[in-house]
Every structure is written in C-alpha cells, then in structure tokens.
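The following paragraphs lead through a protein model, from its surface to a helix and then to its charged side chains. Please keep the sequence and the structure in view while reading.

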Amino acid sequence: MTPIWRRDGSRPNGLGLALSDYADAIREICTKRRIPVIDGFDLLRPDEGGMLDDGVHPNVEGARTLGLRMGERLAPILARGPSIAR
C-alpha cells in the first residue's frame, strides 16, 4: 500500500522527497515483483474532509473508512490466492 493522503504530503521532507515520491517507489518495486499495490491516496481523500483531525492521523471515522476501503481492495487480491514472484 502506498501512503495515505496527509495535509503536508506535498511538502518535501529533509531528503527532498514528498509522499508521491514514496508512493511511486512502492508502485515501481511492487510492479517489478508482481505484487499487487493498493493506492493509499485513494483510501482517504482530502476532499472528503473530517477524517484526519490533525491532518496526518485518521480519526475514528477515518480509521473506519480506511478499514472498509482497504477490505474492499484486499478482497479480490486475496481471492486470487498466492501469486507473488520470488
């Protein structure tokens, strides 16, 4: 899973990297290894509001929504069974 959205996610960290850079690296590595990737940015979206009280950590509603959406995306992956290239 890539990182979830956060208020300061577009601001580069001390290494000059933003959350999107980490998400891109996760997608690239998983694609090379044929591992399914869940887009964390799509699990909690900024336009929904009210799910990250501090702008970073999911609150109760955010955690509930995150869990439900994660379950929806994991179900088809788990139904396919093991397929990770070694």
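Patches are made of residues with over 30% relative accessible area and no salt bridge, with like charges joined within 9 Å and nonpolar side chains (Val, Leu, Ile, Met, Phe, Trp, Tyr) within 5 Å. Accessible areas come from the Shrake-Rupley method with a 1.4 Å probe, and for residues only the protein chains shown count as cover. A salt bridge places a side-chain nitrogen of Lys or Arg within 4 Å of a carboxyl oxygen of Asp or Glu. The model is predicted: local features need pLDDT of at least 70, side-chain atom pairs count only at pLDDT 80 or more, and totals for chains, interfaces and linings use all residues. Residues are numbered from 1 along each chain as its sequence is written, and side-chain values use heavy atoms, without hydrogens and water.

Leu15, Leu17 and Tyr22 make a nonpolar surface patch of about 290 Å². Leu17, at 31% relative accessibility, is partly exposed (buried means under 20% relative accessible area, exposed over 50%, partly exposed in between; 1.4 Å probe, protein chains only).

Elsewhere, Arg73 and Asp42 form a salt bridge, with their closest N and O atoms 2.9 Å apart. This pair links distant parts of the chain, Arg73 being in helix 3 and Asp42 in helix 2. Both residues belong to a salt-bridge network that also includes Arg45, Glu48, Arg69 and Glu72.

Note on methods
Helices (H or I, at least four residues) and strands (E, at least two) are DSSP runs, numbered from the N terminus.
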